[in-house]
Amino acid sequence: MSPSERMMMGPMDVAVIGRGLMGTACAMHLAQRGCRVALVGPDEPADPAAHDGPFGSFHDAGRITRAIAHDPVWARLSTRSLLRYREIEARTGIAFYTPCGGVMAGPLDGPLAGFTAGFLETPKALGLAHDRLSGAALARRFPMFDLPAGSEAVFDPVGGTIDPRAMRRAHEALAVTAGAEVVATHAMGRDGGTVALASGGRVSADHVVVATGGWASAAPLTADRPAMRVYQRTVAFAEVSEAEAARLSDMPSLIWVPEGDPTDRYLLPPIRYPDGRRYIKIGGELTSPEAIDGAALNAWFKTSGGAEAGASLLADLVALMPDLRIERTATAPCAVTFTRTDYPYIARLDDRVTLLTGGNGSAAKCADELGRLGSVAALGGSVAAEGLGADFAPVFM
């Protein structure tokens, strides 16, 4: 529905504010349960420099997916979502999942030894399919990587990559098929169940789900501000030729710890982007500036990211893949939101509003399950009773 079609829409059962990965999945699950749903949020801007509203972190063609994680709660979230990928693709005809496999690698000592211990133990504890690799066996299995000496790794056979744009589009298609209405503009404010829109119109609903990602803290629509830190991150891209992409056709996605580093990096295999070219994507900064409000976050997404951070990431890529033949490089802005609990905030705050936010850098692959949990909360159900090992209760400033 065009924002100009109605100045006042409603009453709806639920208005979901945020057309990102979690919000769109939540709208789909609510609509499939028979709710009258309005999904509120802007389209991806054709010209980012001219866009004055919120940006979506899903504005990309590549994210890592995997069942294995360093934490069993996140592993359960991702496993439940992964099990539904193929059904969603089949029902919509929209492909978004490439199961090229996923590797997690790290040291057994140093600042991230606990991270390594977690991803080594979790698949055993949860009965997830995996191969444990180290030393010569790891080097033989993945010769394209020059991992630090002493790295211990697990290979996840259902891991790989997802196209977040396509996955969100698939969720929205199913939401609309189930009766949801899309309002392609952003929310400016909320008064109870009435949502004021940038278009000048309003949406009225019995209940509102706030699924606005980092904007839930930077520009809150709840009475209290969620306790989250929103960081302005940079990602880097290395374009490779078709021949080089073919040479790397068996390359998995990778999360690894550079030698002596206190943070991990992530790497995606060559992916075809909308410009028709193939890029390897790398991310995972040690430090990055914090967004203090929505204006700062909006301004960040209009940049090309940080030059120094991009150069550091590309240096890590060259150290990891010294034989990689790179055609050209680029950087882009991103944002990551960390909660106090290290888990998403998913809770019905009162009779009028539910909070669904806080990706902690791991939510894209889990978006379908996180959206389902948001629908459970919005309809008055118990998220803690869902058997995931966490209650996802929010913390406020």
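## The second largest pocket

In this predicted model, strand S17 contributes the largest share of the lining of the second largest pocket, namely four residues. A pocket here is an open set of points on a 1 Å grid over the protein atoms alone, with protein on both sides within 12 Å along at least five of seven lines, and its lining residues have an atom within 4 Å of a point. Strands are DSSP runs of type E with at least two residues, helices are runs of type H or I with at least four residues, and both are numbered from the N terminus. S17 covers residues 328-339, and S13, which covers 228-240, is another strand that supplies at least two residues of this lining.

The volume of the pocket is about 460 Å³, where a volume is the space filled by probe spheres set on the grid points, which are joined across faces, edges and corners. The lining has 23 residues, and those closest to the centre of the pocket are Glu44, His59, Arg165, Ala332 and Pro333. Sorted by class, the lining consists of twelve nonpolar, six polar and five charged residues. In this sorting Ala, Val, Leu, Ile, Met, Phe, Trp, Tyr, Cys and Pro count as nonpolar, Asp, Glu, Lys and Arg as charged, and the others, Gly among them, as polar.

## How helices H2 and H5 pack

Helix H2 (residues 72-92) packs against helix H5 (residues 164-177) at an angle of about 65°, and their axes are 10 Å apart. The axes are lines fitted to C-alpha atoms, for helices over the stretch in contact, and the angles run from 0 to 180 degrees between N-to-C directions. The crossing of H2 past H5 is left-handed, a word used if the near helix is turned anticlockwise from the far one by less than a right angle.

On the H2 side the contact is made by Tyr85, Ile88, Arg91 and Thr92, and on the H5 side by Met167, Ala170, His171, Ala173 and Leu174, where contact means heavy atoms within 4.5 Å. By class, six of these residues are nonpolar, two are polar and one is charged.

Leucine 21 belongs to helix H1, which spans residues 21-32. Because its relative accessible area is 15%, leucine 21 is buried, a term that means under 20%, while exposed means over 50% and partly exposed lies in between (1.4 Å probe, protein chains only). Apart from neighbours within four places in sequence, leucine 21 is in contact with Phe58, Pro164, Met167, Arg168, Ala364 and Ala367.

Alanine 137 sits in helix H4 (residues 135-141) and, with a relative accessibility of 32%, counts as partly exposed.

Aspartate 342 is found in the loop between S17 and strand S18 (345-348), and although aspartate 342 is not a glycine, its phi is positive at about 70°. Asparagine 360 also has a positive phi, near 55°, and is likewise a residue other than glycine; it is found in the loop between strand S19 (353-357) and helix H10 (367-378).

Asparagine 360 counts as buried because its relative accessibility is 9%. Glycine 361 lies in the loop between S19 and H10 and is exposed, with a relative accessible area of 61%. Leaving aside neighbours within four places in sequence, glycine 361 is in contact with Val336 and Thr337.

## Notes on the model

Residues are numbered from 1 along each chain as its sequence is written, and side-chain values use heavy atoms, with hydrogens and water left out. Since the model is predicted, local features need pLDDT of at least 70 and side-chain atom pairs count only at pLDDT 80 or more, whereas totals for chains, interfaces and linings use all residues.

Terms used
On a 1 Å grid over the protein atoms alone, a cavity is a set of points where a 1.4 Å probe fits but cannot get out, and a pocket is an open set with protein on both sides within 12 Å along at least five of seven lines; lining residues have an atom within 4 Å of a point.
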